Amino acid sequence: MDTLVETIDQTYNDDHKLILIVGKPGSGKSKIIKEYSHNTGIPIVDFTKVLANDPEDLKKTMKEFLKNYRFDVLLIDNKKALYDVSKDTDLMDILQELAKRVIVVATISGYVEEGNLTHIVNGDEHSYPLDGSFKYVLCS
């Protein structure tokens, strides 16, 4: 939890405002984000409700959502709704697009190894280089 708070504090002035809480299932990712939410009063966004209005144009829907979002940090845990509508779009692209407007903290099932983040979605692995376009906090 302390590492997440420090990482968020360091991110306010960065160009890249995406922070991923990375770990395998059961490693405590959701626990950390829920604790942060509880301590700060920032809600974890339920994208099932956000996407109910226009699930077809995800980027447009997210942009509209952020117009009325009043916090500096956007917390995303259960991304099932995003996975469901982003079949043709890489979830990392969506998160990075959101992070242009607000600090985004999202949980990711996966691991970091050999200079890459591997994100596991429904048994498929997606690899992203640790190129500075996002920060991460590891759960083990």
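Student: Which strand gives the largest share of the lining of the second largest pocket?

Tutor: That is E4, with three residues. Keep in mind that we are looking at a predicted model. Helix H2 (29–40) and strand E3 (103–113) also supply at least two residues each.

Student: What makes a residue such as His119 part of that lining?

Tutor: A lining residue has an atom within 4 Å of a pocket point, and His119 is listed in the lining along with others, including Pro25, Asp77 and Tyr83. The volume of this pocket is about 210 Å³.

Student: Why is Lys24 said to sit over the ring of Tyr111?

Tutor: The charged end of Lys24 is 5.4 Å from the centre of that ring. The cut-off is within 6 Å, together with a position within 35 degrees of the ring normal, so the contact counts as a charge over a ring.

Student: Which residues of H6 are buried?

Tutor: In H6 (residues 91–98), they are Leu91, Met92, Ile94, Leu95 and Leu98. They cover an arc of only 160 degrees around the axis, so they lie on the same side of H6.

Student: Which residues do ring pairs link into a cluster?

Tutor: Phe47, Phe65, Tyr69 and Phe71. The structure has three aromatic pairs, and rings pair if their centres lie within 6.5 Å.

Definitions and conventions. Residues numbered from 1 in each chain as written. Predicted model: local features only at pLDDT ≥ 70, side-chain atom pairs only at ≥ 80, totals over all residues. Heavy atoms only, no water. Buried < 20%, exposed > 50% of the residue type's maximum accessible area, 1.4 Å probe, protein only. Helix = DSSP H or I, 4+ residues; strand = E, 2+ residues; numbered from the N terminus. Arc of directions from axis to C-beta. Phe/Tyr/Trp six-rings, centres within 6.5 Å; stacked < 30°, edge-to-face > 60°. 1 Å grid on protein atoms, 1.4 Å probe; cavity = no way out; pocket = protein on both sides within 12 Å on 5 of 7 lines; lining within 4 Å. Points joined across faces, edges and corners; volume = space filled by probe spheres on them.
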